[in-house]
Amino acid sequence: MSTSQSVLILGAGLSSPPLSRYLQEHGFQVTIANRTLASAQKLATGSIKAIQLDIETPEGEALLDQIASQFAAIVSMLPYVFHPIAAKYAIKHKVHFFTTSYVSDAMREMNEDAKKAGIVLVNECGVDPGTDHMSAMRIIHAAKKNGGVIKSFTSYCGGLPAPQNNDNPFGYKLAWAPRGVLLASKNSAHFLKDGKEVLIPGSDLFDNYIVEEVEGLKVEGYPNRNSCQYAKIYEVEGIDTIIRGTYRYPGWCSTIKKIGDLGYLSTDVASFNGKTFEKVAAELVGSPNATGDSLRQALAAKIGVPADDRIVNNIAWLGLLDANRTVPESINTALDLLCSLAKEKWVYAPGEIDMLLMKHTFVIEYPDRTETVTSTMKNLGIPNGETSMMRTVSLPVAIAIRLVLTGKIQRTGIVIPTDPEIYNPILDELDTLGITFVDKVVKSVPK
């Protein structure tokens, strides 16, 4: 039988430390299970326990099946493909399940089984997705209660270097593995704008971005995947404009667009046969014998910019034109070649901090006026401590676990945090932890 105070965390990755710390501070017995025991042991401070469990193996699954009933909750901080495996055993042993990831089709199929088991499957309870839902729904519900109709909703979020540490030409440093960040650059975008559906293929994604100022910072925002589905999720069917997207510092979109055009985002298997980075670049631009300045000229011509253009300089800074360095033998795709350099160059130095920036903008029609409302969150990491990304991802789900296990949220089946009984206490507590949304009416036009 499980104890009401025990939680199993699957995964000892970047977001697990704030999660385990919060749960321990609130009196829960925490066990961290990870593929490598050493990584779990690093987080096993105080009463936190560490065990070795590799969910990718039959032995790991068997162990999870064996121990699941000892816990009141299982939270998966693993890659999303493993969530359904963990949820299967949570349902079998009637243990509440939590994750910060989007609801997958496989997870959705478990909804009825979870209800029959009397447990909740909390998904999308991180930052994006997570607090983006919560802060948006708080405004949407308040507007509807006061007779408002949501006509337009845009929402952008980005994990970025703090302004004082934004010192590389890409304006980006890694809070996660670069492969996922760069693969996302190939996604298509689907959104509503002025009553019309817009579909942008991944190849054109970075030709379609906005530039705006948020909290005194100039940023670019580009659309992210399928925004249209949120008209139903947010209960704003009939809305004219709905766009969800990603923030980056200026120059990111144009540079990654050209890097993609050159072929560096390809996941096709290739053999680089001991070639230098310069040689690979020469072949990608169609001038296999070009070197040095002649390669810069050829590359610039290929992407349609001058040879001294900022984008060419960015590509050179990253190391893609390095004539003295050979591509490692273990690399067999152009994307992984790019990632190998990003891991070295897009890094935070000791003491540097990151920033999480999110902004919603609503146009709301009331019987007597039309309002433009913004909700903005700017959160900074802690020098030599937890990053903003770690905290904003893990603390919302940590709070959700506490609310469920203490009986303050009593739901079954799949839940995302779009209801007031869930988002209000989470947002209120996050505010006390320094993760704050500031809501403003920036414009009001009488009818």
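## A pocket in the model

A pocket is an open set of grid points with protein on both sides within 12 Å along at least five of seven lines. The structure here is a predicted model, and its second largest pocket holds about 330 Å³ of space.

Which residues lie nearest the centre of this second largest pocket? They are Leu174, Ala175, Tyr348, Glu352 and Thr387, out of 21 residues that line the pocket. Sorted by class, that lining has 13 nonpolar, five polar and three charged residues.

Rolling a probe the size of a water molecule over the atoms shows where empty space is left. Here the count comes to one cavity of 30 Å³ or more. The largest cavity has a volume of about 40 Å³.

Around the largest cavity you will find Val120, Val122, Ala400, Val404, Ile409, Val415 and Ile422. At least two residues of this lining come from β6 (120-122), and at least two from α15. By class, the lining has seven nonpolar residues, with no polar and no charged ones.

## Two helices that cross

Now follow α15 to its partner. Helix α15 (residues 388-405) and helix α16 (residues 420-432) have axes that come within 10 Å and cross at roughly 125 degrees. Because of that angle, α15 is oblique to α16. Their crossing is right-handed.

Where do the two helices touch? On the α15 side, Leu395, Pro396, Ile399, Ala400, Arg402 and Leu403 take part, meeting Pro425, Ile426, Glu429 and Leu430 of α16. This contact has eight nonpolar, no polar and two charged residues.

Note on methods:
Residues numbered from 1 in each chain as written. Predicted model: local features only at pLDDT ≥ 70, side-chain atom pairs only at ≥ 80, totals over all residues. Heavy atoms only, no water. Axes fitted to C-alpha atoms, helices over the stretch in contact; angles between N-to-C directions. Helix = DSSP H or I, 4+ residues; strand = E, 2+ residues; numbered from the N terminus. Parallel < 35°, antiparallel > 145°, perpendicular 65-115°, else oblique. Left-handed = near helix turned anticlockwise from the far one by under 90°. Contact = heavy atoms within 4.5 Å. Nonpolar A, V, L, I, M, F, W, Y, C, P; charged D, E, K, R; others polar. 1 Å grid on protein atoms, 1.4 Å probe; cavity = no way out; pocket = protein on both sides within 12 Å on 5 of 7 lines; lining within 4 Å. Points joined across faces, edges and corners; volume = space filled by probe spheres on them.
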